[in-house]
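The following questions and answers concern a structure with its sequence. Each answer ends on the value or name requested.

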Amino acid sequence: MSVATSGWLQAGLLVLALAVTYRPLGDYMAHILTSAKHWRVEKGLYKLMGVDPEADQTWPVYIRSVLAISVVGILLLYVILRVQDHLMMSLGMPAMQADLAYNTASSFVTNTNWQNYVGESALGYTAQFLGLAVQNFVSAAVGIAVVATLIRGFVRTRTDRVGNFWVDLTRLILRLMLPFSVVFGIILIATGVPQELSNHLTSVTTLTGGSGNLYTGATASQEAIKELGTNGGGIFNANSAHPFENPNGFTNWLEIYLLLCIGFSLPRTFGKMVGSHKQGYVIAAVMGFIWAGSAATMTFMEERHWGSAMAVAGSSMNGKEVRFGVPASALFASSTTLTSTGAVNSMHDSYSALGGGTAIFDMMLGEIAPGGTGSGLYGMLVLAIVTVFVAGLMVGRTPEYLGKKIRPAEMKYAALYILATPSVALIFTGIAMATTTARNSMNNSGPHGFSEVLYAFTSMANNNGSAFAGLSGNTDFWNTMGGLAMTLGRFLPMVFVLALAGSLAKQRHTPASVGTLKTHTPLFAGLLTGVIFIVVGLTYFPALALGPLAEGLK
Amino acid sequence: MSRLPGPVLRHLAALRAMLVFTVICGVAYPLVMTGIGQVAFKNQADGSLITNSKGQVIGSKLLCQTFVSSSAAETALNKKDEVTGYADPINKYFQSRPTFAIDSTAGGYTIQLADGCNYAASGSNNLGPNDPTLTKLIGLMRTNMAAFDSAGGTTVTAAQVATDAVTESGSGEEPYITPENADQQAARIADARGITVDQVEALIKANTSGRDIGILGEPAVNTTTLNIALDQKYPSSDTSTTAFTTGATS
């Protein structure tokens with residue numbers, strides 16, 4: 001079988017698997033977010049947390065709860081990393097320095113998982129478990145909780161209540177993230193991902209007599225939630241390129257499925273909750289269209305392998321693994337940058353100029369196809385609001401979406417949402433390019449060096465976490481500014497989404513009339529896609545022109 | 001408690017929630033997973049380790065090993081600098097993919113085979129598609145490998161060298177090479193060990209994994225298990241190496 005045929009079949013099997021789980025997984029998440037019944041164990045946990053599960057929160061209370069757990073999370077993680085050398089089962093790893101610990105704490109709490117450290121020689125079991133694993137679960141669930149409030153904003157009428165954060169969070173972790181991680185984690189162990197807890201590194205004497213220590217780690221448990229929760233922070237520096245994190249073609253495929261499955265099923269949850277599955281199909285179709293386009297573009301660019309070094313090599317295999325080959329690497333790369341995962345199974349820095357440029361563009365889209373757990377869908381819904389607004393302008397009437405009027409207040413929140421992330425990404429890129437010490441971190445020169453910087457802040461502001469990894473990020477500048485970019489890029493948009501949800505929930509339901517733009521039609525899907533590309537294109541084109549386009553089109 | 005101001009209460013609830021989730025997701029989850037893994041899939045859970053007849057761990061079948069001149073090999077895993085023969089491969093072993101790393105004395109990226117398979121720091125060179133140094137090093141690897149693999153009456157030209165033999169993997173830990181790369185190295189192995197190419201080819205075949213369920217991933221030859229099988233079946237005391245041009249300019 002040719003490489004191209006197997007590449008198509010791998011992608012086809014992925015689409016099939018996502019299509020099969022779309023309904024059950026989407027319906028299940030809708031059930032989690034709407035059910036009136038608490039599990040007994042959940043009631044016990046609410047008592048331990050000291051929260052009232054029956055209280056319905058207003059949007060300001062809800063967002064303050066989100067921020068509270070995030071602040072506490074950052075502080076706890078920071079402390080754990082700073083005192084690692086005093087914790088048990090740390091494998092003799094030293095404490096993390098202050099700026100790096102700040103960066104790492106912000107990174108994992110914001111679902112970014114940008115890593116300025118080499119995992120296998122920086123973190124022991126305790127920091128991985130108590131610190132990182134916990135945030136992998138919590139940050140993923142927070143994203144879904146936030147999109148749940150936005151959906152409730154459309155569903156509910158004349159109320160200032162948008163849900164209970166503690167209930168949403170607890171249920172999403174207990175009923176969704178945990179059981180899925182256990183099942184898929186076991187599959188990963190069975191197929192070769194290590195999971196062990198010995199209190200020392202395995203000493204190895206190689207065939208030629210060299211000796212050294214081997215880090216195996218409790219990798220599978222981290223790997224499962226890393227992909228499922230679109231986190232992306234690996235045990236190893238090489239992330240999912242490392243044979244322990246991703247041993248073979250099957251695990252590679254499974255990891256791509258895991259990082260896409262929640263994002264692609266959430267439109268079903270949305271459709272179910274707003275009472276029209278067609279609304280969900282439209283969103284899923286736009287996500288699928290953009291994802292397929294990106295994967296095809298990236299695969300094409302990598303197969304053509306334009307570039308002087310690639311021409312001598314005869315392929316784009318520098319930075320890619322033989323057991324995956326080009327198609328499975330490109331499929332992973334586009335999926336990870338279109339979600340907020342940021343795990344990598346190949347080194348994006350060594351991708352062709354336009355292949356790597358596609359990865360940057362994917363993140364610039366705001367990670368909405370399908371995006372991070374929850375954050376992808378709320379990004380897409382904000383763009384849908386912008387779309388009905390644009391369409392409303394054309395015919396000169398007040399736009400509506402799902403029976404809610406899009407008035408100046410809603411548009412302000414939507415516009416602020418759209419502006420927040422690009423502002424962080426572009427302003428911080430500008431600052432870095434104007435700072436000599438920041439520029440010194442580049443591994444490559446010329447446009448490719450600029451692409452490294454642009455990629456870094458686009459990735460951090462969008463909470464992706466993948467990198468053009470040549471950039472030496474472990475410096476005062478990058479740790480500090482990166483931590484800031486990730487925090488702003490995560491929580492500013494969330495505030496605007498919650499405000500939008502609150503504003504929508506207060507409205508009464510407006511019945512559709514003849515003049516209402518139907519939002520469950522292919523026409524709307526087309527309009528939405530157009531708006532996405534126009535908004536992103538206008539925002540980022542100048543920056544793209546200086547980096548990947550300058551390198552790829554010369 | 002209830003007399004405390006709202007923000008304090010909220011952060012206390014957040015702290016208690018974080019502690020609850022730390023116990024569930026940070027303690028129970030990884031421990032349960034480790035338990036299941038250790039009981040049900042002991043070999044995989046331990047990292048697919050390979051032990052020799054004396055019971056010593058000699059590697060993992062998922063990770064590569066460097067097969068370079070012995071002086072370099074001694075220090076390879078601990079990554080000590082300034083060892084001579086850092087890029088000189090041993091003739092009788094299959095070579096996994098090359099490593100391009102920064103050589104502090106040369107002041108830039110050079111070919112350093114002994115620097116590969118460093119279990120304490122995975123990763124790649126991260127050089128871009130148009131990088132002049134990378135272009136040069138890949139070109140050097142072509143001529144290096146062509147000379148290296150032209151043995152036992154077989155001639156390999158620079159243009160014929162397999163693409164994965166001249167490029168670094170993403171992880172720097174990958175034991176796998178393409179079947180084309182393995183075939184290209186077979187004549188050299190046979191020559192160094194005094195066996196026939198067919199005998200080598202049979203072992204290559206035994207250490208090749210196809211695509212999972214027929215479509216996932218790419219066929220790959222595991223150099224770690226293949227070299228162990230070679231040493232077991234066709235032991236050889238030959239320790240000759242071939243000098244590689246490293247690209248160091250100083």
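Q: In what order do the elements of chain B run from the N terminus on?
A: This is a predicted model, in which local features need pLDDT of at least 70, side-chain atom pairs count only at pLDDT 80 or more, and totals for chains, interfaces and linings use all residues. Residues are numbered from 1 along each chain as its sequence is written, while chains are lettered from A and ligands numbered from 1 in the order in which they are written. Chain B holds seven helices and seven strands, where helices (H or I, at least four residues) and strands (E, at least two) are DSSP runs numbered from the N terminus. Their order in chain B is α-α-β-β-α-β-β-α-β-α-α-β-β-α.

Q: What is the radius of gyration of chain B?
A: The C-alpha trace of chain B spans about 90 × 45 × 40 Å along its principal axes. The radius of gyration is taken over C-alpha atoms, and the globule rule is 2.2 Å times the number of residues to the power 0.38. For 250 residues that rule gives 18 Å, and the value for chain B is well over this, so chain B is more spread out than a compact globule, with a radius of gyration of 23 Å.

Q: What distance separates the centres of domain 1 and domain 2 of chain B?
A: Domain bounds come from an automatic or database domain assignment. For chain B the assignment gives domain 1 (6–45) and domain 2 (50–233). Taken over C-alpha atoms, the centres of these two domains of chain B are separated by 40 Å.

Q: How far apart are the end C-alpha atoms of residues 12–32 of chain B?
A: UniProt, in an unreviewed entry, places the feature "transmembrane region" at residues 12–32 of chain B. UniProt positions are given in the numbering used here, feature names are shortened, and annotations may be inferred rather than shown by experiment. Over these residues chain B is 100% helix and 0% strand, and the end C-alpha atoms are apart by 29 Å.

Q: Which element gives the most to the side of chain B that touches chain A?
A: The contact takes 86 residues from chain B and 103 residues from chain A, two residues being in contact if their C-beta atoms, placed from the backbone, lie within 7 Å. Elements of chain B that give two or more residues to this side include α1 (6–40), α4 (132–149) and α7 (223–233). With 22 residues, the element that gives the most is α1(B).

Q: Which residue in the turn between β3(B) and β4(B) has a positive phi?
A: Strand β3 (residues 100–103) and strand β4 (residues 108–111) of chain B pair in the antiparallel sense over four bridges. Within this pair, F100(B) has I111(B) as its bridge partner. The two strands form a hairpin with four residues between them, and the turn residue with a positive phi of about 75° is G107(B).

Q: Is L402(A) buried or exposed?
A: A residue is buried if 20 or more other C-beta atoms lie within 10 Å of its own, exposed if 12 or fewer, and partly exposed in between, with C-beta atoms placed from the backbone. L402(A) lies in the loop between β5 (400–401) and β6 (404–405) of chain A, and its phi is near 55°, a positive value in a residue other than glycine. As 23 other C-beta atoms lie within 10 Å, L402(A) is buried.

Conventions:
Two strands pair if DSSP finds at least two bridges between them.
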